[in-house]
Amino acid sequence: MRLPSSIERVLIDEEQIAERVQELAVRISADYTDEDDLVLVGVLKGAFIFLADLTRRLRVIHHVDFIALSSYNRGSSHTGAVRMIMDTRTNITGRHVMIVEDILDTGYTLNYLQRLFLARQPASLRTCVLLSKPDRRLVEVSVDYLGFEIPNVWVVGYGLDYADRFRTLPYIAALRPEVVR
Amino acid sequence: MRLRDDVDRILIPEDVLQARIAELAAEINVTYTDEDRLLLVCVLKGAFMFLADLMRHLEIRHEVDFMEISSYGTGTVSSGVVRILLDLAQNIEDRHVLIVEDIVDSGRTLDYITRNLHTRGPASLRVCTLLSKPSRREVEISTDFVGFEVPDEFVIGYGLDFAEEYRNLPFIGVLKSEVYTGS
């Protein structure tokens, strides 16, 4: 496999991702087996590949929805302020809701989303995250389903980008530090 | 799974679907170069699964953006008047743009999106759709990459829904008529 020159190394390969997504789908299907009004809310852009693979493997009836968020602070640092670009189409009040996110970093975005959604009084709210960087956490966030814990390096692929590049690599890889300004 | 009981028959099985998506990606790979910095524009919600699989086969440099639109009309007949719920994050002026759609039916929605994006001055604008129902076409529309032509039946699965259900089926199926007529 030829790696793009900006990529330092592969952290999680395609097969490992597929296996882990399948494991998560089995657990989620078991946990929601008695519910028939689960709504998965994917956070754009990053989570759509993870969501596309997860949703196909679930064995419980569920709907899919999307939200788009933007940080007020452009670039890679987070101030915690999040702007809603597109809200869910579904009214989540009284529904079983699961947030599907690609990566948990400082926790600001997910913390904001969880508070926002809880205020709408869903029947339940859980969070499914493919990647977590525990070293970066600045606010506490509860995660119910986690794919992988990763070190504090800039990761790309499987939905994650650097300036909109490398998003669609089928694996998760570390970017060379000198690429990230 | 209960959902599958509502499926009258499988129109396109998973392996045929995936093989065709790889072919479409191969066509796209030879149509563009890395220097084109192709921008894929995914029309939500229906096309997200198609996009996720299509991209895995793309070898040329590309980026992704999303649009979500809503028809003002209700029911299953598209009025063609479209409201943009989520606009592109990127400015597409002088960009090579490929619209990724799940299905082209009457063509009205796609016609609207195409005209809208053309006004923004892209370097090129093409359309890739997984499914096309030519018998339903009401406006003439050019589609550059087409996965499958399908008959005029209620198709579901692989991103396509009926009342938000069935999107996650990994194949394209035909919905039993009693499900959507309610009889």
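This briefing describes a predicted model with a chain A and a chain B. Chains are lettered from A and ligands numbered from 1 in the order written, and residues are numbered from 1 along each chain. Local features need pLDDT of at least 70, side-chain atom pairs count only at pLDDT 80 or more, and totals for chains, interfaces and linings use all residues, while side-chain values use heavy atoms, without hydrogens and water.

**Chain B**

- Chain B has 4 helices and 9 strands, where helices (H or I, at least four residues) and strands (E, at least two) are DSSP runs numbered from the N terminus.
- Its elements follow the order β-α-β-α-β-β-β-α-β-β-β-β-α from the N terminus.
- The radius of gyration of chain B is 16 Å, close to the 16 Å of the globule rule for 183 residues, so chain B is as compact as a globular protein of that length; the radius is taken over C-alpha atoms, and the rule is 2.2 Å times the number of residues to the power 0.38.
- Buried residues make up 54% of the 183 residues in chain B; buried means under 20% relative accessible area, exposed over 50%, and partly exposed in between (1.4 Å probe, protein chains only).
- Of the contacts in chain B with a separation of 6 or more, 66% join residues 24 or more positions apart, a contact being heavy atoms within 4.5 Å.
- Chain B carries 19 positive and 32 negative side chains, and the centres of the two sets lie 3 Å apart; Lys and Arg count as positive, Asp and Glu as negative, and His and the chain ends are not counted, with each charge placed at NZ of Lys, CZ of Arg, CG of Asp or CD of Glu.

**Helix H2 of chain B**

- Helix H2 covers residues 48–56 of chain B, and 8 of its 9 residues are buried.
- Among the buried residues of H2(B) are B:Phe48, B:Phe50, B:Asp53 and B:Met55.

**Chain A**

- Chain A has 3 helices and 9 strands, in the order β-α-β-α-β-β-β-α-β-β-β-β from the N terminus.
- Of the 181 residues of chain A, 53% are buried.
- In chain A the mean positions of 22 positive and 24 negative charges are 7 Å apart.

**Interface**

- 33 residues of chain B are in contact with 29 residues of chain A.
- The two chains bury about 2,700 Å² between them, 62% of it on carbon and sulfur atoms; buried area is the accessible area (1.4 Å probe) that two parts lose on being put together, summed over both.
- On the chain B side, B:Phe48, B:Arg56 and B:Asn168 lose the most area to chain A, together 21% of what that side buries.
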